[in-house]
Amino acid sequence: MFPAGASPRVDRAADAQPEERPDLLVVGLGPAGASAAAAAASAGCRVLAVDRRRRIGEPVQCAEFVSSAFSMEEFSWEGIATQRIVRMVTAVQEERPRVSEDFRGRMICRSAFDQALARRAAAAGAHIRLGVAVCEVRADGGVRLSSGALIRPRALVGADGPRSRVGAAIGQSNRQLVAARQFTVGLRQPYEATDIFLSPAYPGGYAWLFPKGSAANLGVGVDFHRRDRLKPLLWDLHARLAANARVQAAPPSSTTGGLIPVGGRLRAIGALGAVAAVLAGDAAGLTHPVTGAGIEAAVYSGVLAGRAVASWLAGHCNALREYENDLSDLYDPAYARALRRRRELLRGGGPAAEALWRGWIASPEYWADAAGPSPDAAAPPA
Ligand SMILES: Cc1cc2nc3c(=O)[nH]c(=O)nc-3n(C[C@H](O)[C@H](O)[C@H](O)COP(=O)(O)OP(=O)(O)OC[C@H]3O[C@@H](n4cnc5c(N)ncnc54)[C@H](O)[C@@H]3O)c2cc1C
């Protein structure tokens, strides 16, 4: 349930009033929504934030890696970071794995992370309601909840993930998706690298082994249209790694999965009648088109979205346009390169090892083009 020490403003679906008029309604309490709610509430807005989940961050649908470049003000990783990562090892088909020392980071307990962010939002004054889904986003900006309540906010933040209802209402939907499936498996020995497996068997995606103490997240992602292959691919990878004494042969302790937007950034601002509608995180397509990493962008965009809405509500009519411009500055250069590499990989038949390597962020070739290497290397792997 909601973490210990949470604000008493947390309530249940049954407590909902028939019609409510907050300044801001935040849909979704993942990293983007919780960050937006905290930022807007800190700026003095009356914020209502809802999530269809009864327990924030659960079930976990994530490989739980964040880059060491990811930092947040006044945030402690204690109880959230589970282990350090000091390198990335990329296996391209059957070739000898290549080691890259530049991809440091940490594994996190994603449910604890999401709960900590939601706790910050509640502490800032946001009113949080769990176990309530948004069923309808109307053209006049009214939002119908599964509890039956009609919310009439002055502004709306859509942080409701890859298949955002708020995004759909303003004509912005993620059209290119990777479908992923993941096991938690036992590790045979402690490990401090993220392992990436590239193969034509994973079209539009890749497989990963990310260690977390005595266990690891073992997953596969492929283009959404090939998702029927995920189950056998993951079992096959598990069997191979068990045969190589990398992971325990025992059946995995849990299975999860989900969708990852990989088509690039969407327009993140719109209007529903007089109501401002703003997207953040996966709902805005803010996941790296090659790696699928999105936690960091969810937090950063959420903070910016919350501040922009607060500023717009205070009468600064350019605030939303500035939010859109900020996202463009922050993400478009890196995503443009990633989209280019992704297109190159998907073009034609099964790519050779060389093409697979060139399409991956750890290869120098990924960063090379007519304009020369780019400084947009900040995108963390996932
Ligand atoms: C298998 C997998 C592995 C991944 N691994 C990594 C990784 O290692 N590192 C990394 O950086 N990124 C990773 N990602 C991507 C990362 O998880 C996302 O980018 C991140 O969660 C985006 O945060 P968000 O807040 O935008 O959306 P989400 O975390 O998806 O949160 C959206 C919230 O909205 C709620 N919601 C949705 N619809 C409604 C509705 N109608 N009404 C009410 N609530 C609603 C959901 O319940 C959810 O809580 C992975 C993704 C997947 C699927």
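Predicted model: local features only at pLDDT ≥ 70, side-chain atom pairs only at ≥ 80, totals over all residues.
The domain assignment of the protein gives domain 1 as residues 1–80, 107–175 and 263–382, and domain 2 as residues 81–106 and 176–261.

Domain 1 contributes 33 residues to the contact and domain 2 contributes 37 residues. On the side of domain 1 that touches domain 2, at least two residues come from each of β4 (65–67), β8 (105–108) and α7 (353–358). The residues on this side of domain 1 comprise 20 nonpolar, nine polar and four charged ones.

## The largest nonpolar core

The largest nonpolar core holds 119 residues, and those that touch the most other members are Ala37, Ala121, Val157, Val278, Ala280 and Val309. Helix α5 (residues 295–313) supplies the largest share of this core, namely twelve residues. Because domain 1 and domain 2 both give residues to this core, it lies between them. In soluble globular proteins, nonpolar side chains tend to be buried together.

## The six-stranded open sheet

Six strands, in the order β9-β3-β2-β13-β20-β19, form an open sheet with mixed pairing. At its edges stand β9 (127–130) and β19 (269–272), each of which has a single partner strand, so that one side of each is left without a neighbour in the sheet. On average, and with direction ignored, neighbouring strands of this sheet are turned by 20° against each other.

Within this sheet, strand β2 (residues 24–27) and strand β3 (residues 47–51) run parallel and are joined by four bridges, with Leu25 standing opposite Leu48 in β3.

Strand β14 (residues 177–186) is largely enclosed by the rest of the structure, because eight of its ten residues are buried; a residue is counted as buried here if 20 or more other C-beta atoms lie within 10 Å of its own.

Strand β14 pairs with strand β18 (residues 254–261) in the antiparallel sense over eight bridges, and in this pairing Val178 stands opposite Ile260 of β18. Strand β14 also runs antiparallel to strand β17 (residues 215–223), to which nine bridges join it, and there the bridge partner of Val185 is Ala216 in β17.

Terms used. Residues numbered from 1 in each chain as written. Buried ≥ 20, exposed ≤ 12 C-beta atoms within 10 Å, placed from the backbone. Pairing = 2+ DSSP bridges. Axes fitted to C-alpha atoms, helices over the stretch in contact; angles between N-to-C directions. Core = buried A, V, L, I, M, F, W, Y, C linked by C-beta atoms within 7 Å. Domains from an automatic or database assignment. Contact = placed C-beta atoms within 7 Å. Nonpolar A, V, L, I, M, F, W, Y, C, P; charged D, E, K, R; others polar.
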